[in-house]
Amino acid sequence: MPPRTDLLRGTLDLLILRALVLGPNHGLGVARRVGQITGGAFEVGPGSLFPALHRLEENGWLESEWGESENNRRAKYYRLTSAGRRQLRAETENWGRISVAIARALGPA
Amino acid sequence: MLLLSRLVHMLRNLVLRRRVDRDLDDEVRGYVDMLAAEQVERGLAPEAAARAARIHAGGIEQVKEHVRRGRAGALVVEFGQDLRYGARLLVRTPGFAVVAILTLALGIGANVAIFSVLHAVLLRPLPFPDADRLVIISGSNPSRGWERTSISHANYWDLHRMNETFLHAGAIQPTSINLTGVATPERLPAARVTVDLLESLAVPPLAGRIFRDGEDRAGADTRLAVVSQRLRGRLFGPDAPVIGRRLLLDGESYRIVGVMPTLDVGLNGIDVFVPLRRRGEEDRSSFDLGVIGRLKRGVTLEQARADLARVAAVLASTHPSVNEGLELVLTPSSEWVSGQTRGRTLWLLMGAVGLLLLIACVNLSNMLLARASARTRETAVRSALGATHLRLLRQMLTESLLISGSGGLVGLLGAFWLLAAVRASDPGDIPRLSHVSLDMTAVAFAAVVVVLTSLVIGAIPALHAGHAVAPALRNGDRSVTGGRAQQRMRGALVTAEVALSLVLLIGAALLLRSLNAVLTVDRGFATEGRMLATVHLPAGYEEGDRATNFQRELLHQIASSGSVKAAAAVTGRPLVGRSTGLGIAAAGEPEPAEVPWASWRLITGDYFRTLGLPVLRGRTFDEQDRIGGPPRVIVSERVADRLWPGQDPLGRMAILWKGQDERRFEVIGVVGNMRERGLASDPTLAVYLPYYGASWSPMEVVLHTDGTREATAAMLRTMVSSLDPAVPVSDIETLDDIVAGSLASRRLVAGLTGGFAALALLLAVIGIYGVLAYSVSRRTAEIGVRRALGASTTSLVRLIVGQGLKPVALGLALGVLGAAALSRLLGELLFGVTPTDPFTYAAVVMLVAGAAVLACVLPASQAARLSVTSALRTE
């Protein structure tokens, strides 16, 4: 797993929060959902996934508890907290502004 | 919110580390298992699926490490790891650990101890509210050669009235007062004060009140007392109600109106304050008031000085006969303690221990440098495995912090012990020394010193480690002596060490020589078998000849007891007494430009014989000589030489109290000089007047006896109380003890400095030895080659000693220069020796050079004993 840039790390956090809006999930499930919602553009490996999950949890945006996976395995499930939802909203707006600005900057002159 | 959450998680990560780690392990393993299960569902064999999943995950341990490093509190965990790693290394090399920790413990302990003294005595603020507005006002008259004099009553009241910058300007007249009506009458240290004095201190009384406006007015009833809490505790009990109770002071009944807490700095010995009564007509020519002022809010010292200059000019022009040339000088409270010699002394001691700590640090730097180069390979491998430079630096600094921290802890124990020793040898003339203890400030100071020390000792090896990685990997650590740069660094460290310890040793040697000079100086008086006692005549004895009759009878009884060889009375003790002075001139001679200032004493005829002071010409006083009789004076040799150089002074007329109420006295005798202001002060100009006819109290009884102190004290008390049971006797001391007491603080400073300097020398020798031994051990192969090529033992020893001594020689040169520059700071602590005394310098240089040679010869001779084969085998 090559280390990601800071920009990508911020993006990853945003994508993880977004992936968990649909409901609690475990690590592999989060990685799969990120793949789905980005149409396969982002494939998240465990080397960046787990540090990100733990960081988000330490920031108070996620909560975790142990549960059973669909095929009866013990797995740690992450859920958005209300602080996480607020963070997602703020980050989404922020991202919107940035992407508009960048699109304008890079668009046909 | 975010911070709080991270903090909670950090605590959890730190406290429940095992559980957090197990959870992480389960989580990542579960991830890999699920990944494998997916592959199995797609039809892969279970083993192949598990392998594929692990490859995809990219190493379970690395993933976990990534998470751990990003976790809240990761830095703390890493610090803990570094600490454990460092501790393991130290435990594995116990010899190094013990030497390193003890070296730093010496340096840090000495610093903490001396800092505690400095803090308690000098730095801690005075216990007065807004102490920065408190000043002492004293007189000065450069044209008459008077410095820091007290102020006369009339001048004080004029100053009190005319000044515009002081909220309060209070006067204090220290005295002592007889307390009777109790089991044993005693003499209490007391002070007469104006109302403004206690007001200016602004210390609230513990009980009752301080004096009120008007209670010092002429005609007011001044039989009021404010007592110290100490006296209250001693007489009545610490919580006893005392307001309104009465004390018999000098035979009169005083009403207690207030209790003051223990006051610091100069006032702490006073047990009773009574109002200083304002008389109708004040005396302008006897200077006996101390003045303390509290500035009005917002007034600067400069404004106050200008105000005082204006007042002084008015006083000089309105009363020129006594005040001509008068200046009023102001001493801010910050300088009450520190402005004096002892303040400088403590700073010098602080400097000495600072040097000692520097030397300890240099030693440690050297040891760590050697260790670091022995570990170059380890460092190189770790950095090749991905440890960042910063991480390695942090590791090294953690190790030095561990060493200096342990040194600090041991040092605190040492400081505790040293402080106990200092308190035990309290010379008594250093204010607040008895309160010195290891308090929180001292511990905080120790912590700061530990951190600074770890930076200093860690910096050089850490820098070195940064440079050494690439070459170490390249040549596999075969560099012969750890590289040229490193060798230069070692040389520089040795130079620094030698120079620092030389400075310290020269300072200590100068102080010890001064102490010796003071001890052997010609005092002018004998101390063997001499004793002194203070006898306080209560009020009533000033009538007629009561005092003289009492004195004559007492001395007669003492002298006729078997063991006493001689006895006399005098108005002040040598070395410790407050000096009473007067201007003196020869009658009939032209006015001198500067009037000499002489101390005066009232004595009975046998004073000189009792103290062993020779009568050089003429005679001493006899039974007929008395104050009020024909005016006669005995002068010291220095006075005679000054006033009548080359002439016979006998029969000449001397003018005493020159510049005040001048009076003429006939010189009837010349006696030897005596260092009565202190053994390190020049002998005083002294004049002696007859005691008979005066009622001066307290009176000091001096005797020369074969008896013990205890027997003599008992005899004295019995004799005095049989003459008058209301007369207290106090402070019965041998003159030997008084002399020792006057030298105690000099002895303490010289002893401490000498001890620190000896430690410094020891550290320096260990340092030189360590550097050379290390270099020899690294050069075993080279020495083997030299041997094989036919180098003789002598030439090898000469080579190694020569190389070892080069930085030592440079250090000696720098040290001599440093000492010459710094020894000036010793100032008046030096006696009988100049700051650049060549003999002292030469002796200390020889001592250090000799020690350095010894430190070099040992490793050199070891090298020379190496056999060629064993030396070459190390290659």
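# A walk through a two-chain predicted model

Let's start in the middle of things: the largest nonpolar core has 98 residues, and those with the most contacts inside it are B:Val117, B:Leu356, B:Leu502, B:Leu504, B:Leu505, B:Phe756 and B:Ala760. A nonpolar core here is a set of buried Ala, Val, Leu, Ile, Met, Phe, Trp, Tyr and Cys residues joined through C-beta atoms within 7 Å. A residue is called buried if 20 or more other C-beta atoms lie within 10 Å of its own, exposed if 12 or fewer, and partly exposed in between, with the C-beta atoms placed from the backbone.

Before going on, a word about what you are looking at. This is a predicted model, where local features need pLDDT of at least 70 and side-chain atom pairs count only at pLDDT 80 or more, while totals for chains, interfaces and linings use all residues. Residues are numbered from 1 along each chain as its sequence is written, and chains are lettered from A and ligands numbered from 1 in the order in which they are written.

Helices α6 (94-123), α13 (341-374), α15 (389-424), α16 (440-475), α17 (484-520), α22 (735-778), α24 (793-822) and α25 (838-865) of chain B each give it at least two residues. Helices (H or I, at least four residues) and strands (E, at least two) are DSSP runs, numbered from the N terminus. Pick out B:Leu505 and, leaving aside neighbours within four places in sequence, you'll find it in contact with B:Ala757, B:Ala760, B:Leu761, B:Val844 and B:Val848. Contact means that the C-beta atoms of two residues, placed from the backbone, lie within 7 Å. Apart from this core lies another one, of 63 residues, including B:Tyr607, B:Leu689, B:Val701 and B:Val720.

How is chain B divided up? Its domain assignment gives domain 1 (2-72), domain 2 (131-332), domain 3 (341-520 + 742-873) and domain 4 (537-727); such bounds come from an automatic or database domain assignment. Taken over C-alpha atoms, the centres of domain 3 of chain B and domain 4 of chain B are 56 Å apart. Where these two touch, domain 3 of chain B provides four residues and domain 4 of chain B provides five. On the domain 3 side, that comes to three nonpolar, one polar and no charged residues. For these classes, Ala, Val, Leu, Ile, Met, Phe, Trp, Tyr, Cys and Pro count as nonpolar, Asp, Glu, Lys and Arg as charged, and the others, Gly among them, as polar.

Now for some strands of chain B. Strand β15 (residues 581-586) runs antiparallel to strand β16 (residues 597-603), joined by three bridges, and B:Gly581 sits opposite B:Ser599 in β16(B). β15(B) also pairs with strand β19 (residues 653-656) of chain B, again antiparallel and over three bridges; there, B:Ala586 has B:Ala654 as its bridge partner. Two strands pair if DSSP finds at least two bridges between them.

Look for B:Leu679 in the loop between β20 (663-671) and β21 (686-690) of chain B. B:Leu679 is buried, with 21 other C-beta atoms within 10 Å. Not counting residues up to four places away in sequence, B:Leu679 touches B:Val518, B:Val521, B:Arg523, B:Ser742 and B:Leu743. B:Ala202, in the loop between α8 (195-201) and β6 (207-208) of chain B, has a positive phi near 60° without being a glycine. B:Asp731, in strand β23 (residues 729-734) of chain B, also isn't a glycine, and has a positive phi of about 50°.

That leaves chain A, with four helices and three strands, running α-β-α-α-β-β-α from the N terminus on. The three strands form an open antiparallel sheet in the order β1-β3-β2. β1 (25-26) and β2 (62-68) of chain A are at the edges with a single partner strand each, so one side of each has no neighbour in the sheet. A:His26 has A:Tyr77 in β3(A) as its bridge partner.

Where the chains meet, 20 residues of chain A and 23 residues of chain B are in contact. On the chain A side, α2 (27-37), α3 (46-58) and β3 (74-80) each supply at least two residues, and the largest share, seven residues, comes from α3(A).

How far does the predictor trust chain A? Its mean pLDDT is 81, and 90% of its residues reach 70 or more; pLDDT is the predictor's confidence in each residue, from 0 to 100. Over residues 1-7 of chain A, pLDDT stays under 50. Where pLDDT is low, the predicted coordinates should not be read in detail.
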